[in-house]
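Here's a quick tour of a protein model, written for someone just getting started. Have a look at it first, and then we'll walk through a few of its features.

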Amino acid sequence: AVRESGMVSKALGEVLVRVQNVAAHAAVSRPVRLVAVSKTKPVEMLQEAYDAGQRVFGENYVQELLEKAPQLPGDISWHFIGHLQSNKAKAIVKSIPNLQAVETVDSVKLANLLDKAVTEAEWQRKLNIFVQVNTSGEESKFGVDPADVLSLARHVHTECPGLTLSGLMTIGMPDYTSRPENFECLNNCRSTVAEELGIPAQDLELSMGMSGDFEQAIEMGSTNVRVGSTIFGARNYSNK
């Protein structure tokens with residue numbers, strides 16, 4: 001489903017209006033960040049969104065990020081939002097100087113590898129980290145259980161000088177839909193982490209909400225929504 005020229009910027013504008021409308025009356029502590037999820041999309045479509053003012057993009061696959069980032073402007077903030085294998089941690093930090101955030105940290109091992117990679121790359125800044133939480137109550141390969149969020153968050157906050165604990169992230173249910181309970185769970189996890197680490201809750205972000213439910217997520221406190229198909233059209237996996 002290739003979008004004609006101009007379609008991306010039009011759709012992006014519509015999403016931004018929706019984000020701002022909900023955020024205006026939601027109890028969010030900061031402007032809501034729109035992450036344009038561009039996986040499987042050609043760089044031309046990303047460039048169109050960039051030309052329309054979008055600066056934050058999210059990718060799910062390391063190889064795709066490594067291929068696209070050098071072809072696009074250097075002032076883009078890249079968010080990695082897919083499962084990151086520990087053996088790829090060094091590569092994305094080393095190769096993507098404008099990698100702003102990894103939203104899918106779910107182990108001490110991965111946190112340590114990212115921390116080490118930032119130190120070795122001699123960045124003059126820290127890498128933002130979201131701890132990925134499995135809020136579905138179902139078995140999942142990815143994300144830590146709510147009961148284990150605090151220990152991982154504490155590790156990132158106290159033991160990883162190259163990382164900043166930005167907040168918590170969830171994909172919701174295993175099929176990537178979300179229910180209010182998922183958003184409530186992430187909120188509750190944030191309260192616990194904030195209290196135990198002595199960080200104001202509003203300083204910890206909530207990354208939750210995607211194309212189908214980002215408005216509800218913002219109403220429930222999301223500060224970072226990840227929207228792909230509503231901006232870029234249905235995903236095309238045929239060339240993956």
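Let's jump in at Glu 120, which counts as partly exposed because its relative accessibility is 42%, between the 20% and 50% cut-offs. Keep in mind that this is a predicted model.

**Salt bridges**

- Side chains of opposite charge can pair when their charged atoms come close.
- How many salt bridges does a search of the whole structure find? The search turns up nine.
- Glu 120 takes part in one of them: its side chain meets that of Lys 116, at 3.5 Å from N to O.
- Lys 116 and Glu 120 both sit in helix H5, which covers residues 108-121, and because they are four residues apart there, about one helical turn separates them.
- Salt bridges with shared partners also tie Arg 30, Arg 33 and Glu 205 together into one network.
- Lys 68 pairs up with Glu 59, and their closest N and O atoms are 2.8 Å apart.
- Are Lys 68 and Glu 59 buried or exposed? Both of them are buried.

**Helix H1**

- Helix H1 runs over residues 7-25 and holds both Lys 10 and Glu 14, four residues apart, or about one turn of the helix.
- The side chains of Lys 10 and Glu 14 form a salt bridge, at 3.0 Å from N to O.
- Lys 10 has a relative accessibility of 55%, so it counts as exposed, while Glu 14, with a relative accessible area of 43%, is partly exposed.
- H1 has 19 residues, so at 1.5 Å a residue it should span 27 Å, and the 28 Å between its end C-alpha atoms agrees with that.
- Which residues of H1 are buried? They are Val 8, Ala 11, Leu 12, Val 15, Val 19, Val 22 and Ala 23.

**The cavity**

- The count gives one cavity of 30 Å³ or more.
- The largest cavity has a volume of about 70 Å³.
- Its lining is made up of 13 residues, and those nearest the centre are Asn 134, Ser 140, Phe 142, Ile 171 and Gly 172.
- Sorted by class, the lining of the largest cavity has five nonpolar residues, eight polar ones and no charged ones.

Notes. Residues numbered from 1 in each chain as written. Predicted model: local features only at pLDDT ≥ 70, side-chain atom pairs only at ≥ 80, totals over all residues. Heavy atoms only, no water. 1 Å grid on protein atoms, 1.4 Å probe; cavity = no way out; pocket = protein on both sides within 12 Å on 5 of 7 lines; lining within 4 Å. Points joined across faces, edges and corners; volume = space filled by probe spheres on them. Nonpolar A, V, L, I, M, F, W, Y, C, P; charged D, E, K, R; others polar. Salt bridge = Lys/Arg side-chain N within 4 Å of Asp/Glu carboxyl O. Helix = DSSP H or I, 4+ residues; strand = E, 2+ residues; numbered from the N terminus. Buried < 20%, exposed > 50% of the residue type's maximum accessible area, 1.4 Å probe, protein only. Expected span 1.5 Å × (residues − 1).
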